[in-house]
Amino acid sequence: MFDTEFLDVPPLRSAGGTVRLPGSKSISNRVLLLAALSHGETTVHDLLASDDTAVMLAALRQLGCAVRQDGNTAVISGLGGRPVQTPAKLFMGNAGTAMRPLTAALALLGGEFELSGVPRMHERPIGDLVDALRQLGCAIDYLGNEGFPPLRLRPGQLKLEQPIRVRGDVSSQFLTALLMALPLVAERDICIEVVGELISRPYIEITLKLLQRFGIDVTRQGWERFTIPAGSRYQSPGAIHVEGDASSASYFIALGAIAAASPGHSSIEIQGVGAASIQGDIRFVEAAEMMGARVDSAPNSLRISRGAWPLKAIDLDCNHIPDAAMTLAVMALYADGTTTLRNIASWRVKETDRIAAMACELQKFGAVVEEGADYLRITPPTQWTTGAIHTYDDHRVAMCFSLAAFNPAQLPVRILDPKCVAKTFPDYFEALFEVAQADTPRIPVICIDGPTASGKGTLAALTAHRLGYHYLDSGALYRLSAHAAALAGVSLDDGPGVARVARTMPVRFQGSHIFLGPQDVSEAIRTEAAGMAASRVSAHPEVRAALLELQHSFRKLPGLVADGRDMGTVIFPDAPLKVFLTASALHRAERRHKQLISKGNSATIGEIQQDLEARDARDSSRKAAPLKPADDARPLDNSYLSIEKSVEQVLEWWQGTRPF
């Protein structure tokens, strides 16, 4: 997951390949709560690992439910009628799929509870659910603003004789919460009557189907009246698999519709959800097809490719796909006219006011946007612009706008606070970069060159971390080549043989650690013997050519920070930012002396300084790629700068190359 302040998505050209979706958030949190309320043990497979499910699991443990986790599998030992631990203060983050159903279940179970969340959760209405629960005799107090969390729950005197009335036009989660909680007290038939139009009906269908899996058969009359039968009792199904998230699928369905096919690929394949899905957002496929996507559906997978281009503008009632419809708003940027998305009033009470948020951010690309109480009207740009996308701590805003990087003006897109995708799809951007391609010159590179012991490795690694970019420590490659050749049984005097090994080394740099496949070889390649072996293999022209190819392969989405002696002059001469890092020989000697002393090695500062000056002279006079700054490199003398100040200077220069 990218946990950087911002993530710059370079202009993207094409896409192709396979995406495996994370588990559905809507299904995951419903299943976790139902399993906790059941008799018996439930094994939940393919569980979504996200902020929302983490909140639910933490709450269940706090209430006394036994939970065992192994990867994306969780084993829940149901409470089965046993009392929950009380009193308890539960933090719900910004997870509506945890806050609403837990409020209802705990209010009916009885006990002392406080439920709170992040500030935005305290702005999301819950009054209609509380009103419905108070009809039943539940004792619930608002601890802040009337109609909003945080809440205090106290034991009440239940009254189940009369039908319970709940509004259906604000959030379907209120009805879902009641449907999941009422079987706990169904000594007699209990009826729920929906007042007004029920929005987001597909989410109620998910709830009803999952209730059935846990032994509860709810009957309904249209969408106005639901009856929980007397004697209802939750029973574990033993094991249950969570479908891939259909709302998350929408980004890759849109990707297939927007992007040209990458070489060697004809489509985007999405695994984990398909035509057999119980999720309403699977109907996003129909909307995408209306706009021009070609979609082949199988029971548990989808295959999408570009059809009509530009996409076709649509006018659509989106009540049936409230979350996925946000993706249509970004697809509208690529349409042949004005697109209107209607009946989306529920967007106003989600993680943010999504109608206002989408209207604001779409305009940054040059779109003309009309915002109404329950609709958006989007006319695509006549001239594309770009901007930094404010994500409002809303995962769907972040994921939607990454698709704007396919703009015909070839402009990058900046996503602020990219880690907000952790709510439902922590590895979204990694998944996107696996299947999307950019023209190589469009993938940004920052080169940091300089003499030995100037601190370029530390500076490059920290800069890469701040930007979420890949990192290349070119100085380690000859040592790695020798090490990998020795492991493969190849003689270091066999130039072609070492080159074959070097060309395909599975190298990964992570901060100060260097990995060859899964093995951390940082210490192994920093010995004196490893240095001598590196000198032997560096004499082979075949090895030098292989390592040039390997270094170029590090230029991958979303970008690269490379350090060495010839990154800006030889390896990446087109890099938009080149830094030549220097420090006086004395300062470098003092730094190297501290390193040696910390490892128990003895040396004087004078000896080290003399050695560094001699090495500088050799490096500067080499016939092949001598050490020198690129003509357009920015000099940075860090003799008196902390590493933090050096990083900030590089980032300031980098910002100056960006169009944001």
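**Charges over rings**

Select Arg 220 and Trp 223 to begin: the arginine lies over the face of the tryptophan, 3.9 Å from the ring centre. A charge counts as sitting over a ring if NZ of Lys or CZ of Arg is within 6 Å of the ring centre and within 35 degrees of the ring normal. Next, pick Arg 414, whose charged end sits over the ring of Phe 6, 3.8 Å from its centre.

Before moving on: this is a predicted model, where local features need pLDDT of at least 70 and side-chain atom pairs count only at pLDDT 80 or more, while totals for chains, interfaces and linings use all residues. Residues are numbered from 1 along each chain as its sequence is written, and side-chain values use heavy atoms, leaving out hydrogens and water.

**Ring on ring**

The whole structure holds 15 aromatic pairs (rings of Phe, Tyr and Trp, the last by its six-membered ring, with centres within 6.5 Å; planes under 30 degrees apart are stacked, over 60 edge-to-face, the rest tilted). Show Phe 252 and Tyr 428, a tilted pair at 5.6 Å centre to centre and 55 degrees between the planes. Phe 252 is in helix α7 (residues 246-258) and Tyr 428 in helix α12 (residues 428-435), so the pair ties together parts 176 residues apart in sequence. Helices here are DSSP runs of H or I, at least four residues, and strands are runs of E, at least two, numbered from the N terminus.
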